[in-house]
Amino acid sequence: MSKKYFGTDGIRGEFGAEPLTENFFVLLGAAISKSLLRSKDCKKRILFGCDTRESSNKIINLISSGLSSEHCVLSNAGIVSTPAIAFYTRKNKYDLGIVVSASHNLYHDNGIKIFNKNGFKISLEDENYIENYIEKLFSENYQCDKTEYNLIDVSKDIKKEYIESCLNTISLDKNINNSIKLTLDLANGANYIIGKEVFIEAGYKVNCCNDKPSGKNINAKCGSTYLKDLPEQIKLDNSKYGISMDGDGDRIVIIDKHNNILDGDDILYTIVRGKIINNEKVSGLVGTTMTNIALENYLKNNGIDFVRSNVGDKYVLSEMRKFNYDLGGETSGHILMLNHSTSGDSIIAALQFLFYSDILDKNKVNTILEKYPQKITNIFFKQDLPDNIIDIVIKEASDRFSDNELRLIIRKSGTENCIRIMVEAKNIDIVDEKSMDIKEYIENRLQTLLWRKLLLQIGKIMEVKNL
């Protein structure tokens, strides 16, 4: 059963529009406290962090109002990345960490991600529990009777401790090639200060772009979902790599000086191949339904188990913990390394990539994964498009275009109002042709079904009038 508020990665949508109104966030705070903070050993210590959206501080205040009704102790880390909150929540024994962010979406969207005391995203059961409480509070016309609260500022402490934790994932005295120049695209987001500091302290020569947030420019023609301008910046900076993060700092895409775009599959390939050369054991890896089959084949040819999960880093994490694997990730750039972090972390992933790519270079090993041609096509739709119509069209398209020549995934996004079509095959012409055919088919079927629904509604209205 689909949830009303939580998607594949927390709650996300346009702030101020239904359902994410100001009152909703007050109720959300109350619902979180009433559902997840009831155990006897819970001290009700909550940690907040946010990205650079203009609405983030207001949402923290609204949620704090709801939480304060249950006498929670609230701390605020300020502008920090999602993985920094996961790290600090676990290290300093908070009961929950709440990140106010809409990840790679533009500034008008916002939302939350919630981490438990162990630094992992809360379970599906916990999400259901929160949603049920929200509905209960709505039905009771709940009013928050306490608006005063205190937010303890921990921003300096978290910055210092998080930077140290990132640097501790590499051996600074031996493993850094100090001649490497980097261009960091910081997406005008959560890592706009810390990102630069980590790589400079690690010993790299660093140039930054998109590191001047205004509250409205997060992910705006920059970051890991917009790579158009980064190759030119890499060239101007004479960098070996451009590292592009998203707004909340939990995923990356990398571009090398030859304009090769290295997504999550490429980054995982580089890390695994470097580990093999370095005689490090890799027992297995978790990808998703979107992971390129070339990575799967490489892993299997080297005796490394590979498991696919649904799209969403929480599903990747679930499979990693199930099989006791340290490494996993998504094509989109979420890289999970449980020996270093409980969350996808763009900074740690980049440091690991740079370390292992240097090993490949020194051993004159090709760092490029020869992938099958793959294309992702997005069909955006209005928020009020009925789920049953979307499900029908996806099923019809999947049945109609399934073919042994290609690998096809059609799904509704859990973070945006769109249908994603992934087509993968050995031949690029097949990929392009099928992608276009499927897109046109889905658009036409959506239009047809919506017209039928509208005509049925008109017919029912006319019947009532005739009565």
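Colleague: Is H1 mostly covered or mostly exposed?
Modeller: Mostly covered. In this predicted model, 13 of the 15 residues of H1 are buried.

Colleague: Which residues make up H1, and how far does the helix reach?
Modeller: H1 runs over residues 22-36. From first C-alpha to last it reaches 21 Å, close to the 21 Å expected at 1.5 Å a residue.

Colleague: Which strands does H1 lie across?
Modeller: Strand S2 (10-14), strand S5 (96-100) and strand S6 (109-116). H1 runs at about 10° to S6.

Colleague: On to the sheet. What is the strand order?
Modeller: S1-S2-S6-S5-S3-S4-S7. These 7 strands form an open sheet with mixed pairing. Strand S1 (6-7) and strand S7 (151-153) are the edges, each pairing on one side only.

Colleague: Do S3 and S4 pair parallel or antiparallel, and over how many bridges?
Modeller: Parallel, over 5 bridges. S3 covers residues 45-50 and S4 covers residues 73-79.

Colleague: What stands opposite Leu 47?
Modeller: Ser 75, in S4.

Colleague: New topic. How many aromatic pairs are there?
Modeller: A search of the whole structure gives 12. Take Phe 199 and Tyr 204: their ring centres are 6.4 Å apart and the planes are at 55°, so the pair is tilted.

Colleague: Are Phe 199 and Tyr 204 buried or exposed?
Modeller: Both are buried.

Colleague: Which residues form an aromatic cluster?
Modeller: Tyr 5, Phe 15, Phe 24 and Phe 25 form one.

Colleague: What sits over the ring of Tyr 94?
Modeller: The charged end of Arg 45, 4.1 Å from the ring centre. Elsewhere, Arg 321 lies over the face of Phe 120, at 3.9 Å from the ring centre.

Note on methods:
Residues are numbered from 1 along each chain as its sequence is written. This is a predicted model: local features need pLDDT of at least 70, side-chain atom pairs count only at pLDDT 80 or more; totals for chains, interfaces and linings use all residues. Side-chain values use heavy atoms; hydrogens and water are left out. Rings of Phe, Tyr and Trp (its six-membered ring) pair if their centres lie within 6.5 Å; planes under 30 degrees apart count as stacked, over 60 as edge-to-face and the rest as tilted. Buried means under 20% relative accessible area, exposed over 50%, partly exposed in between (1.4 Å probe, protein chains only). A charge sits over a ring if NZ of Lys or CZ of Arg is within 6 Å of the ring centre and within 35 degrees of the ring normal. Helices (H or I, at least four residues) and strands (E, at least two) are DSSP runs, numbered from the N terminus. The expected span of a helix is 1.5 Å times one less than its number of residues. Two strands pair if DSSP finds at least two bridges between them. Contact means heavy atoms within 4.5 Å. Axes are lines fitted to C-alpha atoms, for helices over the stretch in contact, and angles run from 0 to 180 degrees between N-to-C directions.
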